[in-house]
Amino acid sequence: FIIIFFYDIFKYMKFIISSNELLKNLQTLGSILNTNNTLPILDNFLFDIKENDLVITSSDLETTLSSKIKIESTITIKVAIPAKLLIDILKSLPNQPLTFSMENNILEINSNNGKYSLSYMNGDEFPKSLILEDTSELNFNSKTLLRIINSTIFASGNDDLRPVMSGVFFQINPDTSCFVSTDAHKLVKYVRNDIKSEKGVEFILPNKPLNILKTILPEKSSEVKVLFNNNNAIFSFSSFRLSCRLIDGKFPNYEAVIPKENPNVLEIDRNMLLNSTRRASIFSSKTTNQVKFEIKGNLLHISAEDLDFNNKADETLECNYNGDNISIGFNSRFIIEMLNNLSSEMVKIELSSPNRAGLISPMPQSSDDEEITMLVMPIMLN
């Protein structure tokens with residue numbers, strides 16, 4: 001009787017799911033995984049099955065991402081399945097329903113043309129889901145949050161010695177909000193007038209969860225709920241739940257580095273400036289990527305030179321300029337990044353002197369609800 005009883009349990013320890021839907025979710029969740037995990041269990045996806053709901057989770061202890069999928073099942077079980085092996089086999093299969101069966105720590109995947117077996121681990125060994133205490137709550141429109149991330153993350157740093165710069169600073173007040181990123185060479189200050197909090201809040205969100213949010217936030221408008229405290233944050237929307245540890249430390253005083261008086265103002269077509277800078281950068285020194293902006297009257301002269309290989313480029317563009325003649329050097333990569341992350345037809349560049357930062361902003365600003373200011377440090381001209 002006991003043997004028959006256990007046979008019946010194992011006989012029904014299975015579920016059915018579409019291979020394409022599963023692969024799509026696993027590839028997204030796989031962006032969390034590290035190649036050098038300290039805990040072997042983190043090389044696995046956690047499959048938490050409760051009848052017709054499958055919640056898949058991946059984690060590196062700092063960041064955890066979960067996704068919920070509907071399946072055909074009547075079981076309740078929690079197992080950890082090797083991530084790389086599972087993704088590799090799914091990549092090689094055409095779209096079809098797959099049957100997953102579990103027995104004696106062996107997972108069997110049955111497809112139309114064959115079956116594949118791999119071992120799994122007890123899901124109870126996987127790190128528990130984060131539960132926050134003493135939380136505050138924010139709500140974002142998904143399109144707005146995506147805009148915030150795209151407008152700022154490219155300027156954040158990745159220096160382990162300055163971890164507070166390895167993310168985006170969220171500063172939300174009763175009347176407005178500000179999102180700032182910097183790597184000490186460039187800075188973006190993005191202001192939103194439609195995001196407010198009765199109680200002023202500040203936190204630094206790391207680059208990794210921000211990059212993951214970039215790929216999974218829906219383009220259609222939907223609500224993103226954010227719960228956070230002093231140490232962690234949880235983002236919940238559609239079928240996803242992302243939790244992450246916040247960066248501990250005080251963000252630099254960004255207002256102090258933004259020059260307030262910039263009497264030299266240049267207005268120019270963004271695409272024209274972007275393409276010209278991109279062409280000039282090909283001929284710049286590969287060490288400094290330096291391009292020279294020389295402005296006289298209503299002409300902008302862009303040049304670059306690599307003395308080691310006798311490479312040189314010169315271009316002249318028409319512009320609207322109000323100010324003194326000036327020559328200033330910039331890292332071409334930073335200028336290209338900034339212009340690429342603006343969408344306006346025209347841009348405004350404000351300068352004070354060759355040894356002080358320049359400010360780049362769109363013309364006009366995209367809407368009354370937002371204001372973007374980009375700062376780029378100069379390079380001393382040879």
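In this predicted model, a search of the whole structure finds 11 aromatic pairs. One of them is formed by F15 and F47, whose ring centres lie 6.4 Å apart with an angle of 40° between the planes, an arrangement that counts as tilted. The pair links distant parts of the chain, since F15 belongs to strand β1 (residues 14-18) and F47 to strand β2 (residues 44-50), and the two residues are 32 residues apart. Because buried means under 20% relative accessible area, F15, at 1%, counts as buried, and F47, with a relative accessible area of 0%, is buried as well.

A second pair has another geometry: the ring centres of F170 and F179 are 4.9 Å apart and their planes stand at 85°, so this pair is edge-to-face, the class for planes over 60 degrees apart. Both F170 and F179 are buried. These two rings also take part in a cluster, in which ring pairs link F140, F170, F179, Y190, F203 and F228.

From the rings we can turn to a loop residue. Q96 lies in the loop between helix α3 (83-91) and strand β7 (97-103), and with a relative accessible area of 7% this glutamine is buried. Which residues does Q96 touch, not counting those up to four places away in sequence? The contacts of Q96 are with I17, S18, S19, S111 and N112.

Helix α8 spans residues 332-340, and its buried residues are S332, F334, I335, I336, M338 and L339. At the start of α8, a side-chain oxygen of N331 reaches to within 2.9 Å of the backbone nitrogen of R333.

How many disulfides does a search of the whole structure find? The search finds zero disulfides. C178, for instance, is in no disulfide, and the nearest cysteine sulfur, that of C244, is 19 Å away, whereas a disulfide would need a pair of cysteine sulfur atoms within 2.5 Å. C178 is buried, with a relative accessible area of 7%, and C319 is likewise buried, with a relative accessible area of 7%.

Conventions
Residues numbered from 1 in each chain as written. Predicted model: local features only at pLDDT ≥ 70, side-chain atom pairs only at ≥ 80, totals over all residues. Heavy atoms only, no water. Phe/Tyr/Trp six-rings, centres within 6.5 Å; stacked < 30°, edge-to-face > 60°. Helix = DSSP H or I, 4+ residues; strand = E, 2+ residues; numbered from the N terminus. Buried < 20%, exposed > 50% of the residue type's maximum accessible area, 1.4 Å probe, protein only. Contact = heavy atoms within 4.5 Å. Polar contact = N/O pair within 3.5 Å; in protein donor to acceptor, adjacent residues only side chain to side chain.
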